[in-house]
Amino acid sequence: MRPDETGADPQVTIVVLGGGLATRLPGKLALPVDGEPMLARVLRVLSATGPPCIVAAKAPLPDDVAAFVTVPIVYDEHPGEGPLAALASAASAVRTPFFFAAAGDMPGIDAAFVARVI
């Protein structure tokens, strides 16, 4: 765990869900939002809140998205079984007492709001 701004061990890990099937909009996490892939934007915003972040994915991310991901990726132990199964897999990698989960397809997520929730 990396210490937070106060030097203390973090209490929360941010889990970003990035492994859905995206059947209605295939490849949506790679779609550009203000010049960066959607998933990269969400990770950048949430990483700025301070706590460590991880991505929960069903399989390796496409190269055009993976190039922007600088946080650990946890792969679903039971891919295709939905977001709760993905969260269960991610939870096994979390080393903090709590985690905050957000979807990778939320490009408008507000870091200040997430920081207040955390």
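Valine 15 stands opposite isoleucine 54 in strand 4, where strands are DSSP runs of E with at least two residues and helices are runs of H or I with at least four residues, both numbered from the N terminus. The model is predicted, so local features need pLDDT of at least 70 and side-chain atom pairs count only at pLDDT 80 or more, while totals for chains, interfaces and linings use all residues. Residues are numbered from 1 along each chain as its sequence is written, and side-chain values use heavy atoms, with hydrogens and water left out.

**Strand 4 and its partners**
- Strand 1 and strand 4 run parallel and are joined by four bridges, two strands being counted as paired if DSSP finds at least two bridges between them.
- Strand 4 is also joined to strand 5 by three bridges, again in parallel, and valine 55 has isoleucine 73 of strand 5 as its bridge partner.

**Burial of strand 4**
- Because five of the five residues of strand 4 are buried, this strand is largely enclosed by the rest of the structure; buried means under 20% relative accessible area, exposed over 50% and partly exposed in between, with a 1.4 Å probe and protein chains only.
- Cys53, Val55 and Ala57 point one way from strand 4, whereas Ile54 and Ala56 point the other way.
- In a regular strand the side chains alternate between the two faces of the sheet.

**Helices 3 and 2**
- In helix 3 (residues 83–91), the buried residues are Ala85, Ala86, Leu87, Ser89 and Ala90, and what covers them includes strand 1 (12–17), strand 4 (53–57), strand 5 (73–75) and strand 6 (98–103).
- Alanine 66 lies in helix 2 (residues 63–66) and is partly exposed, with a relative accessible area of 31%.

Key:
Contact means heavy atoms within 4.5 Å.
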